[in-house]
Amino acid sequence: MKVDDIGQIIEDSILKVVSVNEILPFLRLYVENNHLSLTNLLLLYDQNPKSRMVCGEKAWNQLGRKRKEDAVCVQLILPEVRAGARESYRVVRGYGFEDTEGKEYRGGENVPIEKEQIVKFTGNEFELVSENPLVRIAVRFIVFENFGIKHTIVKALFGKLQRMSRDEKYVFIQEVIEKSRKILDDLEGWRLSFNETAFFNALLVSSDITENACILDLAARSTENEEWKEELILLREKLMRTKTECLAELFQRKCQKRLFSFPPVKLETDT
């Protein structure tokens with residue numbers, strides 16, 4: 001994948017995934033890779049729509065697994081943001097669980113969730129999630145799939161997606177991913193996403209919360225990338241509620257080059 005081709009790949013992927021036949025496979029891909037940003041999910045869907053728990057080779061090695069000899073990598077983009085400097089990104093290689101072998105890995109903690117707990121954060125039948133009924137249906141699908149809760153979905157309900165413009169499709173899928181991520185954070189606890197881990201590795205300068213919050217704020221105001229700007233602002237909010245000892249551990253892991261995006265790092269917060 002060439003850097004110059006990324007924009008076109010993302011545009012083509014949006015038109016493809018936001019359709020009646022592709023939307024559910026794409027949402028399942030998100031469930032299996034909910035640490036990835038929307039941009040990287042679209043890139044992943046273009047390359048391997050059935051890949052699970054995609055991360056870098058070093059992260060898999062830390063989990064006791066190694067890539068198979070015949071493994072085919074997927075290419076994702078990693079944000080490179082510096083406070084006060086123009087943002088950029090680089091292409092990195094990732095591998096799904098199916099492309100690795102070694103120590104058994106089941107995907108982290110199983111958080112027992114009941115429908116009543118979901119309703120607490122979403123309202124009855126998800127009516128508080130969005131004014132758009134298609135967004136509500138898609139978010140409901142993601143949340144129930146994530147926790148293995150039995151449910152049914154009528155694919156034909158997504159027929160209206162066919163009549164959306166390219167921009168409308170992007171707004172739709174962006175809202176679905178944002179709302180789903182917020183609900184999963186509320187239910188499972190805050191975890192660092194792929195991009196957030198990259199921001200921490202690039203911008204974390206100490207174990208002082210206030211100092212790092214200022215740097216994240218400056219980086220958010222400096223970037224012209226709206227997706228990264230929103231993620232940096234949200235990350236700053238999370239950081240302000242993170243326990244001091246948790247941030248100290250993250251900074252130590254960053255210094256030791258052991259702060260990876262998978263399995264997602266859980267932030268211990270002060271409620």
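Which residues touch the most other members of the largest nonpolar core? I looked that up first, in what is a predicted model.

**Entry 1: ground rules**

I number residues from 1 along each chain as its sequence is written, and side-chain values use heavy atoms, with hydrogens and water left out. As the model is predicted, I take local features only at pLDDT of at least 70 and side-chain atom pairs only at pLDDT 80 or more, while totals for chains, interfaces and linings use all residues.

**Entry 2: overview**

I checked confidence next, using pLDDT (the predictor's confidence in each residue, from 0 to 100). The protein averages 87, and 88% of the residues score at least 70. Helix α5 (residues 115-122) has the lowest confidence, with a mean of 64, and α2 has the highest, at 96. Where pLDDT is low, the predicted coordinates should not be read in detail.

Of the 271 residues, 47% count as buried. Buried means under 20% relative accessible area, exposed over 50% and partly exposed in between, with a 1.4 Å probe and protein chains only. Contact means heavy atoms within 4.5 Å. Among contacts between residues at least 6 apart in sequence, 71% join residues at least 24 apart.

**Entry 3: the cores**

Back to my opening question: the largest nonpolar core has 50 residues, and Phe26, Leu27, Phe158 and Phe172 touch the most other members. Such a core is a set of buried Ala, Val, Leu, Ile, Met, Phe, Trp, Tyr and Cys residues joined through side-chain atoms within 4.5 Å. The elements giving two or more residues to this core are α1 (6-17), α2 (23-32), α3 (38-47), β2 (74-80), α6 (133-146), α7 (166-188) and α8 (194-203). The largest share, 8 residues, comes from α6.

Beyond its neighbours within four places in sequence, Phe172 is in contact with residues including Val18, Ile23, Leu134, Ala138, Phe158 and Met164. I also noted a second, separate core of 23 residues, with Ile215, Ala219, Leu232 and Leu267 among them.

**Entry 4: aromatic rings**

How many aromatic pairs are there? The count comes to 6. The rule pairs rings of Phe, Tyr and Trp (its six-membered ring) if their centres lie within 6.5 Å; planes under 30 degrees apart count as stacked, over 60 as edge-to-face and the rest as tilted.

Phe26 and Tyr45 have ring centres 5.6 Å apart and planes at 75°, so I logged the pair as edge-to-face. Phe26 lies in helix α2 and Tyr45 in helix α3, so the pair ties together parts 19 residues apart in sequence. Phe26 and Tyr45 are both buried.

Tyr89 and Trp228 are also edge-to-face, because their planes stand at 85°, with ring centres 6.4 Å apart. Tyr89 sits in strand β3 (residues 88-94) and Trp228 in helix α10 (residues 226-240), so this pair links parts of the chain 139 residues apart. Tyr89 is partly exposed at 32% relative accessibility, whereas Trp228 is buried at 4%. Ring pairs also link Trp60, Phe97, Tyr105 and Phe262 into a cluster.

**Entry 5: helix α8**

Is α8 mostly covered or mostly open? It is mostly covered, with 8 of its 10 residues buried. Among them are Phe194, Glu196, Phe199, Phe200 and Leu203. The buried residues of α8 pack against α3, β2, β3, α9 (209-222), α10 and α11 (244-255).

**Entry 6: cysteines**

I searched for disulfides (cysteine sulfur atoms within 2.5 Å) and found 0. Cys55 is buried at 2% relative accessibility, and Cys246 is buried at 4%.

**Entry 7: two loop residues**

His151 is in the loop between α6 and α7 and counts as buried at 18% relative accessibility. A polar contact of 3.1 Å joins its side chain to that of Glu145. By that term I mean N or O atoms within 3.5 Å; within protein, one must be able to donate a hydrogen and the other to accept it, and residues adjacent in sequence count only if both atoms are side-chain atoms. Apart from neighbours within four places in sequence, His151 is in contact with Arg140, Phe141, Phe144 and Glu145.

Asn48 lies in the loop between α3 and α4 (57-62) and is partly exposed at 22%. Asn48 touches Leu29, Val74 and Glu98, leaving out residues up to four places away in sequence.

How values were computed. Helix = DSSP H or I, 4+ residues; strand = E, 2+ residues; numbered from the N terminus.
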